[in-house]
Amino acid sequence: MGLTRYLTVLLAGLALEAVIWHLLSVQLGFTGLIAAAGGLAAAFAAVALSGFRRRARYLLAIALTLAALLSLVLMAAMPALQPVAALACAALAAFGFGAIGFALYLREG
């Protein structure tokens, strides 16, 4: 139950981050860094409202920050890569990190 709820909040945060990034970057014309910061702030708000304990919220915040930074690095390092593909690759990496981190968190008790 806890892992399912945790992964649901992580997916919701990643989706919210991608939507806000798209709105700020593509629709309103902001730079990628400002759009990523806006998306990350919205995802952090979703994590804060999740009701998890502090350590689980920290794991979520680290996973979301990893996704934002990795997507920015992918977009800067490979300009031919579509931004949506960079966001998807970064979200997949963050999802894996978050799942393994939370599984270890549950194992420690």
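## Helices α1 and α2

In this predicted model, helix α1 crosses helix α2 with right-handed geometry. Helix α1 covers residues 2-27 and helix α2 covers residues 32-48. Their axes come within 8 Å, at a crossing angle of roughly 145 degrees.

On the α1 side, the contact is formed by Gly13, Leu16, Glu17, Ile20, Trp21, Leu24 and Ser25. The α2 side contributes Gly32, Ile34, Ala35, Ala36, Gly38, Gly39, Leu40, Ala42, Ala43 and Ala46. Sorted by class, this contact between α1 and α2 holds 11 nonpolar, five polar and one charged residues.

## Helices α2 and α3

Helix α3 spans residues 54-77, and its axis comes within 10 Å of that of α2. The two axes cross at roughly 165 degrees. Because angles over 145 degrees count as roughly antiparallel, α2 is roughly antiparallel to α3. The crossing of this pair, α2 and α3, is right-handed.

From α2, the residues in contact are Gly32, Leu33, Ala36, Leu40, Ala43, Phe44, Val47 and Ala48. Their partners in α3 are Arg57, Leu60, Ala61, Leu64, Thr65, Ala68 and Leu72. The contact of α2 with α3 comprises 12 nonpolar, two polar and one charged residues.

## Ala80 in the α3-α4 loop

Ala80 lies in the loop between α3 and α4, the latter being residues 83-108. The relative accessible area of Ala80 is 77%, so this residue is exposed. Between the C-alpha atoms of Ala80 and Arg53 the separation is 40 Å, for two residues 27 apart along the chain.

Terms used:
Residues are numbered from 1 along each chain as its sequence is written. This is a predicted model: local features need pLDDT of at least 70, side-chain atom pairs count only at pLDDT 80 or more; totals for chains, interfaces and linings use all residues. Side-chain values use heavy atoms; hydrogens and water are left out. Axes are lines fitted to C-alpha atoms, for helices over the stretch in contact, and angles run from 0 to 180 degrees between N-to-C directions. Helices (H or I, at least four residues) and strands (E, at least two) are DSSP runs, numbered from the N terminus. A crossing is left-handed if the near helix is turned anticlockwise from the far one by less than a right angle, and right-handed if clockwise. Contact means heavy atoms within 4.5 Å. Ala, Val, Leu, Ile, Met, Phe, Trp, Tyr, Cys and Pro count as nonpolar, Asp, Glu, Lys and Arg as charged, and the others, Gly among them, as polar. Angles under 35 degrees count as roughly parallel, over 145 as roughly antiparallel, 65 to 115 as roughly perpendicular and the rest as oblique. Buried means under 20% relative accessible area, exposed over 50%, partly exposed in between (1.4 Å probe, protein chains only).
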